[in-house]
Amino acid sequence: MRDYYHIKINLPGGIASPGYLKDILSAAWNANVRKVRFGLRQQLLMTVHYEDMRFLENDFKNLGVFYEVNTDRRPNIVSSYCGEEVFRTGQWLNASEYHSVLDSFDFQPGLKVNISDSNQSFTPFFTGNLNFISSPEPHFWYLYVRLKQTNTVFKWDGLIYTNEIGRLSKVVEECMLDEGLNEEHTLKAAAAGRIRYVSQPVQQELELPSFSLPYYEGFNRYESRTWLGLYRRDEEFSIEFLLDVCALCLKTRVGEICATPWKSLVIKGIEDQYRVAWSNILGKHNINVRHAANELAWQTEDHNGDGAELKNELIRYFSKNDTRTFGLCFGIQTRPKSEVFGSVLIRKRPLLRIGQLPLFSVYDLYYTENFNPNSRALVLFEKGLFKIHLPAQLERLCRRFNNQRSRDTLKTMLSEPDEAKTAVKAAKMAHQCPDCLTIYDPEYGDVLGDIPPGTAFEDLPAAYCCPTCDSGKAVFLPVELTRSSTLEPA
């Protein structure tokens with residue numbers, strides 16, 4: 001018999017009314033639960049001792065709360081509503097539109113559904129199986145389908161009307177889950193034969209913003225009100241604190257509490273007259289805010305202490321070495337079939353096992369194509385790393401990202417019409433390490449590597465490494481040396 005059970009309660013769209021959340025937390029408190037978490041898909045998570053489970057089940061039954069025990073057959077609907085009004089996008093999408101979408105679901109989806117504003121970069125776009133993304137046309141949405149347990153994504157024909165999203169999702173889910181249709185054309189044909197829905201032709205292709213995670217913690221001003229972002233380093237929120245939060249929301253007419261995919265909370269609509277009361281609650285429970293930005297850009301698996309512990313170790317290394325991580329987000333995956341969102345992915349891989357028990361593990365380090373976390377394409381950076389070597393290699397990958405961004409900026413600048421930038425260039429090529437920016441110039445060779453002058457890059461041994469940081473020859477990039485000694489990406 002299990003000593004503990006993992007409980008998951010869906011909060012559709014990551015939205016919970018303070019009264020509803022208060023009832024759930026009170027029932028959990030009566031079952032001797034003292035801390036809860038919020039998951040990657042904006043759901044509420046808690047761990048309950050088996051002796052207390054019957055009391056919790058009885059209370060949930062009386063409250064009409066849908067929950068799952070040790071499973072996730074009904075994934076939560078993820079939405080970007082948590083950032084609506086907080087991170088302004090200028091879109092037509094507003095609170096009532098999100099609620100219209102959520103109200104169109106009269107069933108608990110078995111597929112992962114994402115509802116996203118196309119102009120934001122706070123929540124992921126393609127981590128669902130059905131990914132609805134707002135279009136330039138008001139009240140109409142793109143649909144991108146990702147087949148189950150694959151990285152294959154295809155675009156649905158036409159734009160979907162807001163009030164039709166739930167109906168179409170139900171039909172597509174029946175085709176995929178009940179009938180096993182897992183191919184684009186057969187899936188579209190089957191759905192078209194079963195449902196008529198309001199749509200319109202796609203007038204322009206989807207354009208997504210470049211990723212930049214906004215700072216989401218602490219008290220922040222928008223319009224005439226304030227919003228509060230809450231992050232916990234151990235990813236746990238005490239029920240006592242959350243009950244006080246719910247009570248203050250009810251007292252001050254704050255109608256919603258929002259969970260984010262970063263396992264944090266956002267509370268919107270705090271009026272100026274109640275700002276002190278919110279500060280007092282943080283002080284009462286010793287809640288710190290305004291953590292470093294590089295702490296806030298991590299995703300670890302739900303119900304996984306190992307991932308959270310590794311995250312904190314890596315963050316401490318970044319802080320000690322003053323590593324720049326701006327523009328990146330990180331995911332830690334310790335289970336083969338789990339999913340985390342990130343432009344950098346750290347995968348733990350068992351190397352030795354005794355039965356099903358891992359005896360020794362190593363780490364593989366990946367980054368997404370162009371470091372875009374919404375890309376499904378992964379690029380291997382290093383494989384089979386011992387844990388002790390992981391921080392330094394992760395820092396090296398951060399340098400590669402920063403150098404790539406610098407090169408892209410330089411390339412843009414050089415493409416602008418400017419007499420100084422369009423000066424006649426010498427026809428001379430070299431190669432540059434993307435991690436430390438060391439140049440291999442065939443005119444001079446590499447004294448430290450015993451490479452004589454005049455040796456072309458193509459003639460270097462396959463095992464040649466950067467003399468500064470030991471990056472392999474294969475990652476070097478061609479650059480053009482100008483007479484003014486300016487490096488221009490070829």
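Strands E9 and E10 form a hairpin in this predicted model, with six residues between the two strands and, in the turn, Gln-149 at a positive phi of about 55 degrees. The pair runs antiparallel and is joined by three bridges, and within it Val-145 stands opposite Phe-154 of E10.

On the E8 side, E9 takes part in another hairpin, here with five residues between the strands, and His-139 in that turn has a positive phi of about 75 degrees. Ser-134 stands opposite Trp-141 of E9. A further antiparallel partner is E11, where Tyr-161 is the bridge partner of Phe-140. The pairings of E9 are set out below.

| Partner of E9 | Residues of partner | Bridges | Direction |
|---|---|---|---|
| E8 | 130–134 | five bridges | antiparallel |
| E10 | 153–155 | three bridges | antiparallel |
| E11 | 159–161 | two bridges | antiparallel |

How many of the residues of strand E9 are buried? Seven of its seven residues, 140–146, are buried, and the cover extends to both faces, with Phe-140, Tyr-142, Tyr-144 and Arg-146 on one side and Trp-141, Leu-143 and Val-145 on the other.

Elsewhere in the chain, a nonpolar surface patch of about 850 Å² is made by Leu-351, Leu-352, Ile-354, Leu-357, Leu-359, Phe-360, Phe-386 and Ile-388. Strands E20 (344–354) and E21 (357–368) each supply at least two residues of this patch.

Terms used:
Residues numbered from 1 in each chain as written. Predicted model: local features only at pLDDT ≥ 70, side-chain atom pairs only at ≥ 80, totals over all residues. Heavy atoms only, no water. Patch = residues over 30% accessible without salt bridge, like charges linked within 9 Å, V, L, I, M, F, W, Y side chains within 5 Å. Areas by Shrake-Rupley, 256 points an atom, 1.4 Å probe, with all protein chains shown as cover. Salt bridge = Lys/Arg side-chain N within 4 Å of Asp/Glu carboxyl O. Helix = DSSP H or I, 4+ residues; strand = E, 2+ residues; numbered from the N terminus. Buried < 20%, exposed > 50% of the residue type's maximum accessible area, 1.4 Å probe, protein only. Pairing = 2+ DSSP bridges.
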